[in-house]
2 protein chains.
Amino acid sequence: MSTTRTRLDPESRREQLLDLGVELLSVRRVEDLSIDALAEVAGISRGLLYHYFSSKRDFHLAVLRRMADQMFRLTAPAPDLPVADQLVGSLEAYVDFVGANREPYLAFVRAAAAGDEEYRQIYDEARAALTDRIFEHAGGDLLAGLGIEDSPALRLFVGGWAAMVEDVVLSWLEDARGVERRQLLDALAGSLASIGALATPA
Amino acid sequence: MSTTRTRLDPESRREQLLDLGVELLSVRRVEDLSIDALAEVAGISRGLLYHYFSSKRDFHLAVLRRMADQMFRLTAPAPDLPVADQLVGSLEAYVDFVGANREPYLAFVRAAAAGDEEYRQIYDEARAALTDRIFEHAGGDLLAGLGIEDSPALRLFVGGWAAMVEDVVLSWLEDARGVERRQLLDALAGSLASIGALATPA
C-alpha cells in the first residue's frame, strides 16, 4: 500500500491515486474513504489531493468509476478466439478480477445497492456496458448462432443472468463447494444460451 | 395508512404494528423508520410502542422479519397442483408480492445489501428458506424428475437463479418490455431446470 514518488503527468498521477483508493476499499467502506487516509497512503499533502479531486464525494465517485472501467477493460473478449471461448474467457477474467478485488468489489456492490443514486448509476452503467458487449461481441454471435434475436425481452433476461453470475461468482469465491473453475465457467456460459432461448418464445 | 382501534391480543397488535411498519417503508428508508412515525400512524403513544419494541433497532429488525415471513407464507407452493404448476404458482405469488410491496421490498433489499450484518442475515435466511423449499417441494421434485441430484454445487447455482429471479422481476415490474406475465413465469421456471442441468455435469 505504499507508492514510490516518481514524476508522472497529472493524468497518470490521478489514476495512480484512484488505484490506491480502490485498494483502500479492501479495509473500509466507500463512505469511510477519506482524503486524509488517501493522503497518508500516497504520502502527499491533503492540499495536493484537492488539486485532483474537488471533494471527498468527487473522489468516491471517481474511485468507483475507476473500478468499473478496470473491470470492463480486463474482461474484454479476445476477438481471435472462437465465439464460445470468448465468452468463457470474459467470464474467467471477471472471476479473476472479483477474486483479486473481492473486498473493493463488495464495497462497490454495497454502495450501489444501498440506494445512493450516483453510485447506483455507476454500477448500472458498468453492468449495462458488460451485457451490451455480449450482444456486440462473443455472446451476441453466440446467441445469433442459436437463432436468438436481440430484443428488449432478451435484454431483460440477460440482465438477470448478469445478476446470477455476480451472485454465483461471489459465493464460489467464498466457498467453491467442490465446483471446479472450468465447471463454473462452462455452467455460467451455458446458462446464457439457455436463458436466451427461454426468453425468446418460438 | 390509518388503523381502527380495536381490542386485540398483544401478539395480533404487534403484528398489526409491524404491518404498518412495512407500509411505512413505501415512503422512507429502514434507517429513517422512527418509533415516532409509527406512533403517529398507529394513533398510539410512543410509550405504548416501547412495550412492543424495546428499541428502534428492535423495531427495524422485526419489520424486516415480518416482510420476509409474509413473502415466505404467500409464496408457498400449492401441494394439490402438478409439480411444474407449483413452481410457476410460487413464482407468480412472488411477482404479486413484490408488485404489491415494491418500495418496502426494495428498502429491504437495499438495507441488506448495504452491509448491515443483521439485515443481511434476515435477507439471506429469507432467500435460503425460499430456495430450500424448492428442494423440498415443487422444484425439488421437478429437479429430481430431470435426474438432477441435490448437491452443494447445485445449491450454489440455485442461489444464483434466485438472484436472477429477483433482478428480472424488479426490472419487469418497472418496465415489462413487452413480456407477458405468463412468458415471464415460464421463462423463470424453465431456467431453473436448465441451470440445474448445467450445474450437474453428466
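## Salt bridges

Over all chains of this predicted model, the count of salt bridges comes to 32. One of them joins A:R46 to A:D36, with the closest N and O atoms 2.5 Å apart. A:R46 belongs to helix α3 (residues 46–52) of chain A and A:D36 to helix α2 (residues 35–42) of chain A, so this pair ties together parts that lie 10 residues apart in sequence. Side chains of opposite charge can pair in this way when their charged atoms come close.

## Chain A as a whole

Chain A contains 10 helices and 0 strands. Followed along the sequence, the pattern of chain A is α-α-α-α-α-α-α-α-α-α. Taken along the principal axes, the C-alpha atoms of chain A fill a box of roughly 60 × 35 × 35 Å.

## A helix crossing in chain A

Helix α4 (residues 56–74) of chain A and helix α6 (residues 102–113) of chain A cross at roughly 115°, and their axes come within 11 Å. The crossing in which α4(A) passes α6(A) is left-handed.

Which residues make this contact? From α4(A) come A:L64, A:M67, A:A68 and A:M71, while α6(A) supplies A:P104, A:Y105 and A:F108. By class, the contact of α4(A) with α6(A) has 7 nonpolar residues, no polar ones and no charged ones.

## A helix crossing in chain B

In chain B, the axes of α6(B) and α9(B) come within 12 Å and cross at roughly 145°. Here too the handedness is defined: α6(B) passes α9(B) in a left-handed crossing.

On the α6(B) side, the contact is made by B:R102, B:Y105, B:L106 and B:V109. On the α9(B) side, B:E166, B:L170, B:L173 and B:E174 take part. The residues of this contact between α6(B) and α9(B) divide into 5 nonpolar, no polar and 3 charged.

## Where the chains meet: extent

How many residues of chain B are in contact with chain A? There are 31, and they touch 31 residues of chain A. The area buried between chain B and chain A is about 2,600 Å², and carbon and sulfur atoms give 74% of that area. Within chain B, the residues that lose the most area to chain A are B:L156, B:F157 and B:L198, which together account for 23% of what that side buries.

## Where the chains meet: pairs and elements

Between chain B and chain A the count is 2 salt bridges. B:R127 forms a salt bridge with A:D167, in which the closest N and O atoms are 2.8 Å apart. Across the interface of chain B and chain A there are also 6 residue pairs in polar contact, with both residues at pLDDT 80 or more.

The side of chain B that touches chain A draws two or more residues from each of α6 (102–113), α9 (152–174) and α10 (181–199) of chain B. Which element gives the most to this side? The answer is α9(B), with 13 residues. By class, the side of chain B that touches chain A has 19 nonpolar, 8 polar and 4 charged residues.

How values were computed:
Residues numbered from 1 in each chain as written. Chains lettered and ligands numbered in written order. Predicted model: local features only at pLDDT ≥ 70, side-chain atom pairs only at ≥ 80, totals over all residues. Heavy atoms only, no water. Contact = heavy atoms within 4.5 Å. Buried area = accessible area lost by both parts, 1.4 Å probe. Salt bridge = Lys/Arg side-chain N within 4 Å of Asp/Glu carboxyl O. Polar contact = N/O pair within 3.5 Å; in protein donor to acceptor, adjacent residues only side chain to side chain. Helix = DSSP H or I, 4+ residues; strand = E, 2+ residues; numbered from the N terminus. Nonpolar A, V, L, I, M, F, W, Y, C, P; charged D, E, K, R; others polar. Axes fitted to C-alpha atoms, helices over the stretch in contact; angles between N-to-C directions. Left-handed = near helix turned anticlockwise from the far one by under 90°.
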